[in-house]
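Hi everyone, I'll keep this short.

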Amino acid sequence: MTINDQRPLLAITMGDAAGCGPEIIVKALADDSVYQISRPLVFGDYQRLQQAAGIVNSKLTIRKAGDIAAGVYRPGVIDVLDFANIPAGLPFGQVDARAGDAAFRYVEAAVQAALRNEVAAIVTAPLNKEALHKGGHHFPGHTEILAQLSNTADYAMMLAGDALRVIHVTTHVSMRQAAELITKERVLRIIKLADRTLRLLGLEQPRIAVAGFNAHAGENGLFGREDIDEIAPAVEAACREGIAATGPVPPDTVFFRAVSRKEFDIVVVMYHDQGHIPIKLLGFDNGINVTVGLPFLRTSVDHGTAFDIAGTGVADSSSMYAAIEFAARLANGVRNSDKR
């Protein structure tokens with residue numbers, strides 16, 4: 001295998017040790033193609049990864065790397081920065097404050113490395129929100145942790161699968177709050193983030209659909225004013241800046257047009273379920289989560305800790321592999337854009 005010395009270095013955080021994270025990381029890194037496109041370094045617990053390798057009957061060597069520069073980054077070897085913060089007898093499939101705190105520490109260290117430009121991107125395995133809270137870290141999830149640790153106020157969640165990409169204007173808020181947060185300024189920022197991210201992936205003129213918020217995109221104000229007063233002006237402003245944006249498109253047809261007719265490269269959605277439902281319907285196992293707007297690149301699996309099957313070796317690693325591959329593509333896109 002020919003190895004490119006310019007491969008981006010990816011920090012892969014192990015997630016909650018009681019969940020499926022260790023197993024799917026070992027499975028994903030068994031694919032030699034990962035090493036053709038990246039240098040993966042796991043931020044996690046050496047003993048837990050050894051245990052996970054045994055569970056999935058992996059022949060890979062788990063190797064402690066004293067620091068980022070000490071990794072060998074070659075097929076057959078998983079390099080790990082060992083935090084040694086998981087007790088040997090920690091059970092799988094149970095909420096545990098120790099695992100929640102440990103998961104936070106992996107992310108914290110990865111963010112520090114990214115801010116120092118020591119890694120090109122962060123790829124996160126799932127954490128458990130209850131365990132995170134019990135461990136003393138009161139965040140709704142990864143996205144909010146990453147934003148706070150990097151002092152980022154303007155960020156967004158993008159989900160990507162084989163057939164569809166979506167990016168959210170609002171996420172973990174009530175529908176009442178979502179309506180209040182949908183402003184021209186925020187919608188325009190998300191459209192711009194979508195455009196920039198897809199350009200990093202090599203699309204010269206991304207086609208962006210902007211979904212309406214209300215039924216039938218408000219039906220000219222009959223069903224609500226958000227589409228007329230906030231979303232439409234944002235789309236018009238984006239178009240004036242040379243972005244190929246369309247909308248507001250009625251939510252009940254926008255995904256058909258994006259997936260079946262292939263009219264759009266991404267859909268800007270207004271709230272959590274508007275984007276999550278179609279993504280998970282079309283590709284539950286291979287969807288990925290991308291946080292855009294951070295001062296570094298971050299991708300993640302688009303599923304939880306799978307406590308019901310953790311420790312059994314049956315967890316599907318497709319999403320983890322896709323997250324690694326997507327992070328490498330984004331990192332290469334950033335590098336190439338910096339050269340221009």
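Ala84 is in the loop between β4 (77-82) and α4 (97-115). Keep in mind that we're looking at a predicted model. So, is Ala84 buried or exposed? Its relative accessible area is 57%, and because the cut-off for exposed is over 50%, Ala84 counts as exposed. Now check the backbone: Ala84 isn't a glycine, yet its phi is positive, about 50 degrees. Why point that out? Because most residues other than glycine have a negative phi.

Next stop, Glu219. Where does Glu219 lie? You'll find it in the loop between β8 (207-211) and α9 (226-240). Glu219 isn't a glycine either, and here again phi is positive, near 50 degrees. Its relative accessible area is 34%, and since partly exposed sits between the buried cut-off, under 20%, and the exposed one, over 50%, Glu219 is partly exposed.

Okay, on to a peptide bond. Which residues does the cis bond join? Gly247 and Pro248, with omega at about 0 degrees. I'm showing you this one because most peptide bonds are trans. As for Pro248, that residue belongs to strand β9, which covers residues 244-249.

Last one: Asp31, in the loop between α1 (21-28) and α2 (33-37). Asp31 has 34% relative accessibility, so we call it partly exposed. Along the sequence, Asp31 and Tyr321 are 290 residues apart, but in space their C-alpha atoms are 8.5 Å apart. Thanks!

Note on methods: Residues are numbered from 1 along each chain as its sequence is written. This is a predicted model: local features need pLDDT of at least 70, side-chain atom pairs count only at pLDDT 80 or more; totals for chains, interfaces and linings use all residues. Side-chain values use heavy atoms; hydrogens and water are left out. Helices (H or I, at least four residues) and strands (E, at least two) are DSSP runs, numbered from the N terminus. Buried means under 20% relative accessible area, exposed over 50%, partly exposed in between (1.4 Å probe, protein chains only).
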